[in-house]
Amino acid sequence: MSLTLKERQEFLAQPHVAALSVAGGPDRGPLSVPIWYQYEPGGEPWVMTGADSRKLRLIQEAGRFTLLVQRTEPTTRYVAVEGPVAKIIPLTEELHVEMVRRYLTGDAVNHYLKQAEGFGDQVVVYLRPEHWLSADLGGV
């Protein structure tokens with residue numbers, strides 16, 4: 001059963017790990033990788049990635065990408081959102097902390113942020129939702 005817009009947005013707003021997919025280039029399948037993301041209902045989902053990463057280069061070349069989130073309990077449910085890149089900006093400390101606190105708690109936040117100092121320059125890529133695909137395959 002398809003989800004309503006409100007159900008899709010609320011599900012996407014939960015801190016799932018997404019699968020990001022983007023065209024992989026000529027003679028390649030799509031690049032699909034697990035990734036943290038941030039989203040608030042009605043807004044634009046965003047992800048962080050290395051400023052020199054293959055993922056960013058492919059996103060820039062394609063001009064669009066897909067995020068897929070899913071769960072298996074209490075029912076199998078998924079939401080995929082696809083669309084064009086809305087903007088790419090340098091990662092700020094504020095956005096970095098926001099993302100890390102979405103997925104980690106307590107001492108793990110500071111530990112991760114300290115470790116991330118060695119990751120190199122990062123950017124934030126915003127997706128403008130254009131196409132949605134969703135379903136809940138159970139009856140809760």
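A: A strand here is a DSSP run of E at least two residues long, and strands are numbered from the N terminus. With that in hand, let's pick His131, which is found in strand β8, residues 131–136. Keep in mind that this is a predicted model.

His131 comes out at 46%, so it counts as partly exposed. Take Glu82: it is 49 residues from His131 in sequence, yet their C-alpha atoms are 5.2 Å apart in space. The side chain of His131 also makes a polar contact, at 3.4 Å, with the side chain of Glu130.

Among contacts in the protein between residues at least 6 apart in sequence, 72% join residues at least 24 apart. Four helices and eight strands make up the secondary structure, and along the sequence they run α-β-β-β-β-α-β-β-α-α-β-β.

Now the helices. In α3 (93–103), the buried residues are Leu95, His96, Val97, Met99, Val100, Arg102 and Tyr103. They pack against α1 (5–13), β3 (37–38), β4, β6 (77–90), α4 and β7 (122–127). Looking from α4 (residues 107–116), Val109, Tyr112, Leu113 and Ala116 are buried. These four span an arc of only 100° around the axis, so they sit on the same side of α4. The other side of α4 has Asp107, Asn110, His111 and Lys114 exposed. And α3 is included in what covers the buried residues of α4.

A few loop spots deserve a look too. Ser53 sits in the loop between β4 (46–50) and α2 (54–62). Its relative accessibility is 19%, which means Ser53 counts as buried, and its side chain reaches the backbone nitrogen of Leu56 at 3.1 Å. Asp27, in the loop between β1 (18–22) and β2 (31–35), is exposed, with a relative accessible area of 84%. Asp27 is not a glycine, but it has a positive phi of about 60°. Then there's Pro74, in the loop between β5 (64–71) and β6: a cis peptide bond joins Glu73 to Pro74, with omega about 0°.

Stepping back, how does the whole chain compare with a compact globule? A compact globule of 140 residues would have a radius of gyration near 14 Å, and the protein has 15 Å, so the two agree. Along the principal axes, the C-alpha atoms fill a box of roughly 45 × 45 × 25 Å. Of the 140 residues, 42% are buried. The protein exposes about 8,000 Å², and carbon and sulfur atoms supply 51% of that.

Key:
Residues are numbered from 1 along each chain as its sequence is written. This is a predicted model: local features need pLDDT of at least 70, side-chain atom pairs count only at pLDDT 80 or more; totals for chains, interfaces and linings use all residues. Side-chain values use heavy atoms; hydrogens and water are left out. Buried means under 20% relative accessible area, exposed over 50%, partly exposed in between (1.4 Å probe, protein chains only). A polar contact is a pair of N or O atoms within 3.5 Å; within protein, one must be able to donate a hydrogen and the other to accept it, and residues adjacent in sequence count only if both atoms are side-chain atoms. The arc is that of the directions from the helix axis to the C-beta atoms. Contact means heavy atoms within 4.5 Å. The radius of gyration is taken over C-alpha atoms; the globule rule is 2.2 Å times the number of residues to the power 0.38. Accessible areas come from the Shrake-Rupley method with a 1.4 Å probe; for residues, only the protein chains shown count as cover.
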